[in-house]
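Here are a few exercises to work through with the model open beside you. Try each task before reading its solution.

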Amino acid sequence: MSTGDHRFGLIADLSCPSTKDLLQFCSDRSYFNESYRWLLVNGVDSNYTFSYLESLNLNIDTHLTLAIRNLDQVEGSYELFEVYGTIRRRGGKNHVVKVGFENSGTGISLDRTHNNLAKSRTCLDGLPLRAVVTRKNYMKSSFIEDYLLNLDPPRSFSSDRLGYQMSVLLSEFLKFRIQLIIADDWHFNEIDTNSSKGVIGQLQNNLVDFSIAPLSLRTENVAAFDVIMPITATRVMIVFRHPKNSFTRNIFLLPFRNTVWAAVSTIMIVACTFLLVDLYIKTRTNFYETCEILLTVLGFLGRQPMTSGIDLASARIVIIASIFFCFIVHQFYSTFIISYLLVSPPKSIQTVEDLLSSNLKCGIEDFAYNLDFFNTTKDDIALKLYKNKILTNKHGLTDINTGIKLVKRGGYAFLMDCSYGYPLVFESFNEKQICDLHEISLLPLQPLYLAVPKGSPLKEAFRIMLRRAVETGSTDRYNRIFNSRKPRCTMKDATFDQVQLVDIANVLNLYHKIGRSYSEKVHFEDISYFTEATWNHKHVMRYDYNNLGVSVDLDCPATEKLFEVVSNNEYFNASYYWLMFANGSLEESACLLGKQNLNIDAKVTLVVDQRVQHNVFDVYDVFSPAIKRGAALNTTLMGNWSHEGGFTITVNQTEYERRIDFAGISLKTAVLTLDQLHHATLMQLLTKQGTIRSYSLHRLGYRFLEFLLEKHNFSVQFIRINDWGFTSTDGYSSFGLVGQMGAKKVDFLINSLAYQPERVGVMDYTITIGVSKMLIVFRHPQKNEGRYFFLKPFRAELWIAIIGLNVVATLVVCMTYRSKSIKEYDDPRSNDDRRLAWLTVFGILFQQGTSSTVSFSSTRITLISTLVFSILISQFYSAYIVGYLLIVPPKTMNTVQHLIDSDFRVLVENLGYNIDFLNRTTDPVVLELYHRKILNGEDNFVNITQGLELVKRGGFAFQCDTAYAYPLMKESFTDKEVCDIQEIMYNRLRPLNLPLRKGSQFKQLFRITLRKVMETGNGAYQNKYFFSKKLICDKNYIKTVSVDLDHLLVLFGSLLGGMAGSFVIMLLEIGYVKVRKRKIQVLNGSRSEDSLKRD
């Protein structure tokens, strides 16, 4: 029975006595599977054959054709049956389907209704299938179903949630129930063992039917389980904030290439040599004068003045040429430093090898998949990274949250799964940090598969259904939810950072238990002894989350009384499937059903005896657009049924196509218009064209209503309402839009509404036709650097380093001046130049040149080093000032808390749903904003025009609907004011639905039609018209920020303070000199008297 790489065909004659033993042998060893094609030939009792096949281990992948000889026909005529099961070990039953016949004359004739066997094998009869899932990623205090059904952006490993959503789709397609088996981990190390631990152990021991957690396909996994098809792919990347300087080269050498530096050095050496030779030949200069000349020439590079006189014409020409040359070189050097701080350099760390050679620390997420990769890989580069960068790092193995925080801090690269890592990045990183983000691929893109045990009968059925899910876009939708993309850099301007010391050294969980409602169950209740007094219909007709099936004999005398109760309680709806049998004519049945409360969503199947052929019944689909609204009863022949031929379908229309025509019935709708044009008619308001300038969701709803009118052939009676009625959710009050729905005064609303839990009891929702953004907009204030702006270019540690180096340089120069005085003068105190040391160093730091003649070589070396240091420091300092004046700083007010802490006055657009949201919200930050900034005694509820005028003025933040706020801004705001606009989201995006009254019979048809409108692009076109995007800031010009007195006030104060202090010290010195002179005069007078006395 070895098949190798081929399919195996077997033919067995059931009349042979040993065939039964053969089939039982094959059944025990599961040979009735995808790899074998069986043909069983029977010429004896067919009933016995069918009953015997029930005992065999047949599954949904069984390919068994049974040929039974037809004794009523000519010799060699056989009836052909397809025999298959569901899942035998889960209690499944076998199915025998007649597919055609064969005779020697005409050959094989297949029934056209069963020519697609794959389509007929799409029902597992509600069997429970066991699915294994790991427990590592959900909180044990919650239900695992709640975790798996959660559609929020992922913040941890979420492929199991994606796998569960695909499993729910499979359970809907194949009609089975999911029974979860919870494993503690994957246990990849249990492959090729007898252990049942973890997901791998459950699969390889065939204890479950499939795995919800998707698995990757590797060579070592092939023998443990089978894979179906990839449902997603993991992107495991190394992410880090790319440093501005990759430290591959000294930052001070970056402006010029090595060849340019060599040329500059050569030119300066040639100039110095020529100048020295010229001066030495003509003037016989000594060594000290020669050093002074060298210091002068080198000072030209730092734009320092000359410190000695030059009398020779030839020397002057060389000096002038050197000054011009140094000036041009200095301009190019300064320009590069400015561009280095203004323009983001290309990212040079592109490979793992680059990462290894950088000084970035590296870590990985402490996750089984990552550890398994490094334990099994043979990639030398990956192993070197693991050994040198990860194992040696304190945070080499860490969780996702810690890793993201370290990446945010900088200097750290982190290997993570991007599907749930990037949502954390988006939430915690600012714009600058997002733009710095870079990623390197270490692991290839890894497809993840739904896995089944080896040789599972579900493999082919699952593969076909998953392929359909891919083709319809369901897989792509869930991948967009659970696989987040890299956050986009949204900064349109260059950024400017302070110079650091190192520079110079990822929806709402809508349904709680949706997975339990996919398996449709049908219950039957015997009502043959029906009496109205004893029938507890509220209990019998309770359907909860399952659809209920009801079978009725129309010839029963109690049927008319039964239908009276059913019609009064509106049980002819989409939640009940009615199967009715009638022995009379179709007209008699239609007369009875025409008196009932049947609607467009009624699921009524009428079976009438054909009376032409024996045991052949006509099957009709019975419905009406709305009998109580005067519509006629519709009976559509679906086909016929017989014992021999089964159900033969003759109609080729779907239910939607059959019931698309509402036969011109009239429906009622309510509409709320907030327009101030009271003289305009309602239709003028609804069909109004032009720019959106105010609330217009009623106009959006009317555009979609036009599509429904065109498609379904009904008329509309409009009821104009003047209030929302958000509090009318008790089902009795008819006040406002919500009240009209709760009291069932109207069929649907034109105004699109957002989903709210308290409205579920009074209205149903169709589909999302738009998304409303309620934002707080304001003009972002210019960044105020404060009065100590001149200290902003450098951070505190750099200022300390600069001051420290200059103090050291001053001490060195002071000691050399002291040594000079002792060496050259008899009285060092009278010629002490130490007091000029600080002035000399201070002047060099600010590029003012030296203030005294230097003769010691040691002093020259110190001054040259200080000169070079001051040149480089000044480049960065000047570049920051230039960048500040040219670049618009990033906007730092990004959250509601920032707005609370600011001096802005907050306004709210005076709309009912804005006030309703503020009264219902439980968000503590929004509540603080509401009580501190809005309910502060001032009138902060204004209309859209007043609010935008105040926003334009500045200092006001306005909460409004940007759908029509942005067009008004475009008309009235200048380019600069548009660029200043900042928006803060304090209420999540509001999906808008076209609501219907609770239990509406039009819900499913409206949903399908609106879905078609959205799929054809008409919905996107209407959304583009009614929901405006944020205005784009025009950055084609560069606006220079003027420096005001506030920026330089401290400098002026320092200068005036210095002058005042100097004046005070001068007065003290004058007083000191006068006192000293008097003392000297007194001392000299006493000496004179003593001399006279001696004489």
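Two residues are in contact when heavy atoms of theirs lie within 4.5 Å. Keep in mind that this is a predicted model.

**Exercise 1. Find where Pro 487 sits and which residues Pro 487 touches, not counting residues up to four places away in sequence.**

Solution. Start with the place: Pro 487 is in the loop between α17 (474-482) and α18 (537-540). Next, check the accessibility: the value for Pro 487 is 10%. Buried means under 20% relative accessible area, so Pro 487 counts as buried. Now apply the contact rule: leaving out residues up to four places away in sequence, Pro 487 touches Tyr 422, Val 425, Phe 426 and Ile 434. Finally, look at Phe 429, which is 58 residues from Pro 487 along the chain; their C-alpha atoms are 9.8 Å apart.

**Exercise 2. Work out on which side of α30 its buried residues lie.**

Solution. First list the buried residues of helix α30 (residues 924-934): Val 926, Leu 929, Tyr 930, Lys 933 and Ile 934. Then take their directions around the axis: they cover an arc of only 110°, which puts them on the same side of α30. Next, find the partners: the buried residues of α30 pack against β28 (774-779), α28 (896-901), β29 (905-909), α29 (912-920) and β30 (941-942). To finish, go to the start of α30, where a side-chain oxygen of Asp 923 comes to within 3.1 Å of the backbone nitrogen of Val 925.

**Exercise 3. Is Asp 764 buried or exposed, and which backbone nitrogen does its side chain reach?**

Solution. Locate Asp 764 in strand β27 (residues 763-772). With 8% relative accessibility, Asp 764 counts as buried. Its side chain reaches the backbone nitrogen of Gly 999 at 2.9 Å. Widen the view to contacts, again without residues up to four places away in sequence: Asp 764 touches Pro 995, Leu 996, Arg 997, Lys 998, Gly 999, Ser 1000 and Lys 1003.

**Exercise 4. Describe the aromatic pair formed by Phe 8 and Tyr 36, then the pair formed by Phe 32 and Trp 38.**

Solution. A pair of aromatic rings is described by the distance of the centres and the angle of the planes. The model has 27 aromatic pairs. For Phe 8 and Tyr 36, the centres are 5.9 Å apart and the planes make 80°, an edge-to-face pair. Phe 8 belongs to strand β1 (residues 8-13) and Tyr 36 to strand β2 (residues 36-42), so the pair ties together parts 28 residues apart in sequence. Phe 8 is partly exposed at 31% relative accessibility, while Tyr 36 is buried at 6%. Turn to Phe 32 and Trp 38: the ring centres are 4.6 Å apart with the planes at 35°, so this pair is tilted. Phe 32 is buried at 2% relative accessibility, and Trp 38 is buried with a value of 2%.

**Exercise 5. Which residues do ring pairs link into a cluster with Phe 662?**

Solution. Follow the ring pairs from Phe 662: the cluster also holds Phe 714, Phe 748, Phe 1002 and Phe 1006.

Methods. Residues numbered from 1 in each chain as written. Predicted model: local features only at pLDDT ≥ 70, side-chain atom pairs only at ≥ 80, totals over all residues. Heavy atoms only, no water. Buried < 20%, exposed > 50% of the residue type's maximum accessible area, 1.4 Å probe, protein only. Helix = DSSP H or I, 4+ residues; strand = E, 2+ residues; numbered from the N terminus. Arc of directions from axis to C-beta. Polar contact = N/O pair within 3.5 Å; in protein donor to acceptor, adjacent residues only side chain to side chain. Phe/Tyr/Trp six-rings, centres within 6.5 Å; stacked < 30°, edge-to-face > 60°.
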